[in-house]
Each structure stands twice: as structure tokens, then as C-alpha cells.
Amino acid sequence: MTLFDWYSLVMVTLGVFFFVAGCVGLWRFPDELSKLHALTKADNLGLGFIVLGVLPQVGEVADAIQLLVIWVAVMLAGAVSCYLLASHTRVQPDGAHNDHKRKQGFEEQAHDKR
């Protein structure tokens, strides 16, 4: 095996480890926001390691650029979807979830802090 093969093996193994860690976080954490945090951080890092591990194995520069664009697109999609999910499951100071009247509750909280 060449040095590039060892590098790819290590990076892909790290990526799989972070994917598994994100899945364990999704399974074990108690609330939605903790689960989202585990998934977004671990899965983005895991995909990044896998992309970095696969890059030396691709044959053309266009394929490498395509892998990087896919990685960036997944990170952007994950950030947007997690923002939407987190804003939907906003937790109130008393620990209750506010699934309706989100905007009104946010304005009341902002007014109470003043």
C-alpha cells in the first residue's frame, strides 16, 4: 500500500467513526436540540474526513471539485434544516416546547428581557 492509500484509509475510518458517534448522539441524547447538535457537528465532520480521504483516490480534478461542492452543499443543507427544526422546537424558560405562536412568544421573551 502506498502512502496515499494509508492516508485514505485513516481519513475514511475517522469519517465513519464520526458518523457512528453522530448516530449514537441521535439515539442517546434526551431532547431535540441536543440531538440536532450531535448530528450536525458529527456528520459534517465525518463527511469532511471521508471527502478528504477519497480526494487522493480520484482520477481527475473535476471529480475532486465535485466532491468538495457536494460536501459544501450538504453542510449548507444541514445548517438550514437544523435551523428550521430548532426554531420550530424552541424551548421556553420553564422547559415547555412552544410549537405554536413562535413569533409572538419570541417577541414576549425579548420584551421581558428589557
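Start by selecting Val 12, which sits in helix H1 (helices are DSSP runs of H or I with at least four residues, numbered from the N terminus). Before you click on, note that this is a predicted model, where local features need pLDDT of at least 70, side-chain atom pairs count only at pLDDT 80 or more, and totals for chains, interfaces and linings use all residues. Residues are numbered from 1 along each chain as its sequence is written, and side-chain values use heavy atoms, with hydrogens and water left out.

Colour Val 12 by accessibility: at a relative accessible area of 29%, Val 12 is partly exposed. On this scale buried means under 20%, exposed means over 50%, and partly exposed is in between, with a 1.4 Å probe and protein chains only.

Now show what surrounds Val 12. Setting aside neighbours within four places in sequence, Val 12 is in contact with Phe 49, Ile 50, Gly 53 and Val 54 (contact is heavy atoms within 4.5 Å).

Next stop, the aromatics. There are two aromatic pairs in the structure. Rings of Phe, Tyr and Trp (its six-membered ring) pair if their centres lie within 6.5 Å; planes under 30 degrees apart are stacked, over 60 edge-to-face, and the rest tilted.

Select Phe 17 and Phe 18: their ring centres are 5.4 Å apart and the planes meet at 75°, so this pair is edge-to-face. Phe 17 is exposed at 53% relative accessibility, while Phe 18 is partly exposed at 22%.

Phe 49 is buried, with a relative accessible area of 19%. Show the three together and you have a cluster of Phe 17, Phe 18 and Phe 49 linked by ring pairs.

Last, go to Met 1, in the segment before helix H1 (3–28). Met 1 is exposed, with a relative accessible area of 67%.

Terms used
Helix = DSSP H or I, 4+ residues; strand = E, 2+ residues; numbered from the N terminus.
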